[in-house]
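Subject: Structure handover and notes

Dear colleague,

Here is the structure you will be working with. My notes on it come directly below.

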Amino acid sequence: VLYNDNLYVFGGNPFEHTSNRLCQANDLFVYNLGCQIWLPDTNRALAWLPSRRTAHTTLLRNASMYVIGGYNGMVLGDMYRYELPDSFCSQHSSTACHTDPLCAMLPNQTACVALTDPRINASAPTTMCPATICGLRVVTDLLVPDDECGVCASGPCSYCSSSGSCTSRSSPETCSSNITAAGSCSQCAAHVSCADCASANCTWDSVRSICSAGARATSIATCPPMCSSYTVCGDCSAHPECFYCASTRTCISVMAVMSEYSFGQCIRYQIGSGCTAGASCSSKTNCSSCLSASPLCGWCDGGGVLGKCSAGTAIGPGLYSMNSSVCLLAGLNGTNSSINSSAVITSDRQVSNWQFYSCADIDECALGLARCGANASCVNEDPAVVYGSKGYRCVCPPQYKLSSNGLSCDPVCDKVRCLHGKCAAPN
């Protein structure tokens, strides 16, 4: 959202091959449009951050930014409101204060305040733009030289390609190739594969999987085969530009993660020694063992303990091209029914629901699966809600106490009135 000449960006997909394997973030970034720099320490302005997410919606209303929904492995339905500050000065350290064009340190150096604060010395600069701010545009390890040129060479700044520095046009450093317009920067960074990079006479970095202008262009003959040509996990993951998606059983370019797999389409990435065959879904006979067997497995719930463990995704059983919203429960207690898995549907034959992230609670008491003793009553519990629960608990009637096994009830006899013989049970 845009507010007070600042662009606010929350969350997103920060995935970067070999350095950042996260697919969702909860960072707050603020870009000052006037000086064209990212402001420092903006995360410190949030006392509590929403969960990591991507594909969410943000909107501005009455000086507040609203973050709505998104995806973090499952679809989110929450909403957060953040009251946008007029400045981040009060959050800054002294070092960060000097790099925020809207802030300045008080004359006694005790606090960082906004430039509009009346305590600021009238002779102090009213803004750091444009001269001293240029050097801050490229202070990051995430930009390749072509990108550095693009963010520098605009407004009051120029970019020196030989030194990789960004300086003010009014006092440029001695450089044989000062670039003053972003359109004059190399376009090599736009190429996302070795073959495309080499065809454009650019240099391909196989470790970081990035293309940039270089003194020596990559030869297309040295480029590895396309990731899609590999069909085995070990062959695929041996190449730094590729990873193996276990759920789709395909080899994918690392550049496709953010553009094609942002919403959890690939449940598990396998790289290098991480290649494993995975457990068979069909051999699992209950929901808990099914979901723990493999990221590919989900449970078609047939009601109670009935069901079937099948390969699938969060959408339903089946892997993508074979994906379905229908659980096939043939052979369960003699039934043969296809039941929609998008919602719990009751019928006189079966109840079915596709469970992929967690197992639904079953009523062990009603199904006769509880092991409570003869004198005990069974109370159903959801293990997801009651920590440590086995799915039910046994409760004893008056004048009985629960035994150490938690299942049977021992009598609590009145020893005063029990005069003859041994007390066996309350009257």
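This is a predicted model: local features need pLDDT of at least 70, side-chain atom pairs count only at pLDDT 80 or more; totals for chains, interfaces and linings use all residues.

Residues are numbered from 1 along each chain as its sequence is written, and side-chain values use heavy atoms, with hydrogens and water left out.

Overall make-up

The protein chain holds 7 helices and 27 strands (DSSP runs numbered from the N terminus: H or I of at least four residues for helices, E of at least two for strands). Of its 427 residues, 36% count as buried. Buried means under 20% relative accessible area, exposed means over 50%, and partly exposed is in between, with a 1.4 Å probe and protein chains only. The chain exposes about 23400 Å², of which carbon and sulfur atoms supply 54% (Shrake-Rupley method, 1.4 Å probe; for residues, only the protein chains shown count as cover). Taking contacts (heavy atoms within 4.5 Å) between residues at least 6 apart in sequence, 40% join residues at least 24 apart.

Two strands are taken to pair if DSSP finds at least two bridges between them. β2 (residues 6-12) and β3 (residues 25-32) are paired over 6 bridges. In that pair, Phe 10 stands opposite Leu 28, and Asn 6 has Asn 32 as its bridge partner. β3 is largely enclosed by the rest of the structure, because 6 of its 8 residues are buried.

On to the next strand: β3 and β4 are antiparallel and share 2 bridges, and Tyr 31 stands opposite Trp 38 in β4. The hairpin of β3 and β4 has 4 residues between the strands, and Gln 36 in this hairpin takes a positive phi near 60°.

Another open sheet consists of 3 strands in the order β11-β10-β12, again with antiparallel pairing. Its edges are β11 (165-168) and β12 (178-179); each has a single partner strand, so one side of each is left without a neighbour in the sheet. β10 (residues 157-160) is joined to β11 by 4 bridges, and Tyr 159 stands opposite Cys 166 in β11.

Nonpolar cores

A nonpolar core here is a set of buried Ala, Val, Leu, Ile, Met, Phe, Trp, Tyr and Cys residues joined through side-chain atoms within 4.5 Å. The largest one has 14 residues, and those with the most contacts inside it are Tyr 8, Leu 28, Val 30, Met 65, Tyr 82, Leu 84 and Phe 88. β2, β3 and β6 each supply at least two residues of this core. A second, separate core of 9 residues includes Ala 153, Tyr 159, Cys 166 and Ile 179.

Salt bridges

The whole structure has 4 salt bridges (a side-chain nitrogen of Lys or Arg within 4 Å of a carboxyl oxygen of Asp or Glu). In one of them, Asp 78 meets Arg 53 at 2.8 Å, N to O. Asp 78 lies in β7 (residues 75-83) and Arg 53 in the loop between β4 and β5, so the pair ties together parts that are 25 residues apart in sequence. Arg 53 is buried at 0% relative accessible area, whereas Asp 78 is partly exposed at 24%.

Another joins Arg 393 and Glu 381 at 2.9 Å, N to O. Arg 393 is in β25 (residues 392-395) and Glu 381 in the loop between β24 (377-380) and β25, so this pair links parts 12 residues apart in sequence. Glu 381 counts as buried at 13% relative accessibility, and Arg 393 as partly exposed at 40%.

Glu 83 and Arg 81 also form a salt bridge, with the closest N and O atoms 3.2 Å apart. Glu 83 is exposed, at 53%, and Arg 81 is partly exposed, at 49%.

Single residues

Ala 55 is not a glycine but has a positive phi of about 60°. Ala 55 lies in the loop between β4 (37-38) and β5 (57-61) and is partly exposed at 41% relative accessibility. Asn 62 likewise has a positive phi, near 50°; this residue is in the loop between β5 and β6 (64-71) and is exposed at 68%.

Regards
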